[in-house]
Amino acid sequence: MLSVLMRIIRYSNPVTYLGIKRYSFNFPFFFTLGVCLASEIYAYWVVHSPNIVGVYIILASVGLLIYFAFRDGILGGVTSSSVSVLYYLYIIYSRHYTGDKFSAGIITTAVLGLLYIFMAGIIGWLKQTIDTLIEHEADERKHLQQIVDQFPIGVLITDEYGKVVQINKNLATILRESSLQNISIGDDVTALASGTKQQGHSLQLPLGRVLSTGKPIVEKEYVINVDEQKRIFLQMNCTVIRNQQGKIIAAVAIINNITQQKELEERKDDFVNMASHELKTPITSMKLYIESLFLRIHTYDDAIAEKILVSIRFQTEKLQQLVSDLLDVSRLQTGKLMFTKEIFTIQDVIKETIMTLQSTTKQKIVYTDIDTIPVMADKFRIYQVITNLITNAIKYSSGEKNIIIKTKKNHKKIIVSVQDFGIGISKSQQNKIFNRLYQVTDSKEKTFPGFGMGLYISKEIINKHNGKIWVESEKGNGSTFYFSLPI
Ligand code: ADP
C-alpha cells in the first residue's frame, strides 16, 4: 500500500522529472480532461447549477497548466491549456450563451487561451532548458568519470569537507584487493577514518589530515597484510586543491599499487645475496683444490691429481652455467637473445638430454616415445628448456621416484610433459614461478639452491617460439610441467 502511494507520489512529483527529457502527452491530456469532467459532474449532479463552474475552472486550468508545463515541458503545458480552452468552448455551447454573453465568452476564452499558451510556453521552455543543463552536467561528469576510470592508478577526489565526489575503477580494485573498506561516492572520508574498521584507517586518515592542514602527502608507502601469504604495497600522494582566493575546495588522492615493483625489488635483493653466495662457493672450493695441487704437486700421483682436476672442472661448469643463465636473463631483458631456427625432432633432443642428466641422479628418467615429429625451432634453446625442466624435476623430487617424460601430438602442436612426484607447488605460487627471479619461499624450499631464473628463461624461449608453457601441480603431490610448440 505504502509502496503504491510512494509510486504515485514519485510519478506525480514534477521534481522527479528534472533532468529527464521525456515529455508526456497522455498524462496532461487525460488528467485535464478528467478535471473538466469532474467539474461537469459537480455542476450538474452535485450543486445542480451549471453556471457555477466559470471561476473555479479558470483557477484549476491555470494550476494545471503550470503543473504540467513544469512536469512535461512545453508539450505538457500546451496540451493541458488546449483541453481547458476546448472545455470553455464546450461550456459556451452547452449553456446556450447568446448575444453579448456569447461574444464576451468567446473573447474571454480567446484571450485566456493565448495567455495560457504563452505561460505554458515560458514555463515549459524554462523546464526544458533546466533539463538540458542538468543533462549536460551529467554528461560532463560521466565524461570525466570515463577519463578518470582509464587512469592506471587509483584516484579519489573529495570536496572541501571530505565528502567523496569521485572515485575511479582502479581505486575500487585496489581497495578490494587489499581488503580495505569500500569507499563510495557521498561517503565522508574524515568520518570513515574514525570508523571502527582498523584497516580502513591507513588510507582515509591522510586525506582527512591533508584537508585539515592543507599540507600535501608525497609518496607515502603503506604495507597491508591481507593474510599470511599476501601483502599489498600501496603508495599514496595526497594534495588539496585551492581556488583563486587560496580557499581549499577539494582534495585529491592518487593511490598506486606498487606490490609488483616492491616484490621485484625484494627478489632482486635476495638474488644479489644468493648470487654472491652461489658464485662464492664454487670459487672457494676451486681455490682450495688449486692450493692443494700447488702444495703437493710433486708428491701426488696422477690418479689423485686427476680427481682434483675433475672437481675443478665440475665447479667451473657450475660457474659457467650460472654466468650463462645470468647473461640470458640480461639478454632477454634487453631483447638481445637471438634464435637460430632449424628443423629437428624433439624426441632426439629429449633423448640427448636424458643421456646427459641420467648420470647425475639415482632417479630413473623414463621417456615414453612417440612417432618422430619435426619442429622448426632453436635446437640449443629447446635443449636448454628440457634440461631446465628435468633438472628441476630431479631437484624438487626426493629420492628414488621416477621422472616421466612424454610427448604428445595435439592438432598442429607437439606437447612435451615432464612429471615428477616431488614436493609440488601450491596453486597460489603456480603462476608466479615463471616470473623473473621468483622462487617459492617456503621454509622447505629455501633449502634448495637456485636463482629463480630457469623457468623465466624457459618461458621466454617458448613464448618466442609461439608456444606455451604451464604447470599442473598440487602441493606435496608432485608437478607436471608442459610446453607446446607448433609443428
Ligand atoms: P630455481 O630452480 O633456480 O630456483 P626456477 O626458475 O627453475 O628457479 O624455478 C622457480 C621456482 O619454481 C623454484 O624456486 C621452485 O620453488 C619452483 N619449482 C620449479 N620446478 C619445480 C618442481 N618440479 N617441483 C616443485 N617446485 C618447482
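Helix α11 covers residues 379–395 of this predicted model. Its 17 residues should span 24 Å at 1.5 Å a residue, and its end C-alpha atoms are 24 Å apart, which agrees. The expected span is 1.5 Å times one less than the number of residues. Helices (H or I, at least four residues) and strands (E, at least two) are DSSP runs, numbered from the N terminus. Residues are numbered from 1 along each chain as its sequence is written. Local features need pLDDT of at least 70, side-chain atom pairs count only at pLDDT 80 or more, totals for chains, interfaces and linings use all residues, and side-chain values use heavy atoms, without hydrogens and water.

Helix α11 is mostly covered, with 12 of its 17 residues buried. Buried means under 20% relative accessible area, exposed over 50%, and partly exposed in between (1.4 Å probe, protein chains only). Among the buried residues are Arg381, Gln384, Asn388 and Asn392. Ile382, Val385, Ile386, Leu389 and Ile390 are also buried. At the start of α11, a side-chain oxygen of Asp378 comes within 3.2 Å of the backbone nitrogen of Phe380.

A side-chain N or O atom of Lys395 is 3.0 Å from a ligand oxygen. A polar side-chain atom of Asp420 lies 2.8 Å from a ligand nitrogen. Leu455 places a backbone N or O atom 2.8 Å from a ligand oxygen. The protein covers 97% of the 530 Å² of accessible area that the ligand has on its own (Shrake-Rupley method, 1.4 Å probe; for residues, only the protein chains shown count as cover).

Strand β7 (residues 365–368) has a covered face of Ile365 and Tyr367. Its uncovered face holds Val366 and Thr368. β7 pairs with β9 (residues 403–410) in the parallel sense over four bridges; pairing requires at least two DSSP bridges. Ile365 has Ile403 as its bridge partner in β9.

Tyr161 sits in the loop between β1 (154–159) and β2 (164–167). Tyr161 is exposed, at 60% relative accessible area.

Key:
Polar contact = N/O pair within 3.5 Å; in protein donor to acceptor, adjacent residues only side chain to side chain.
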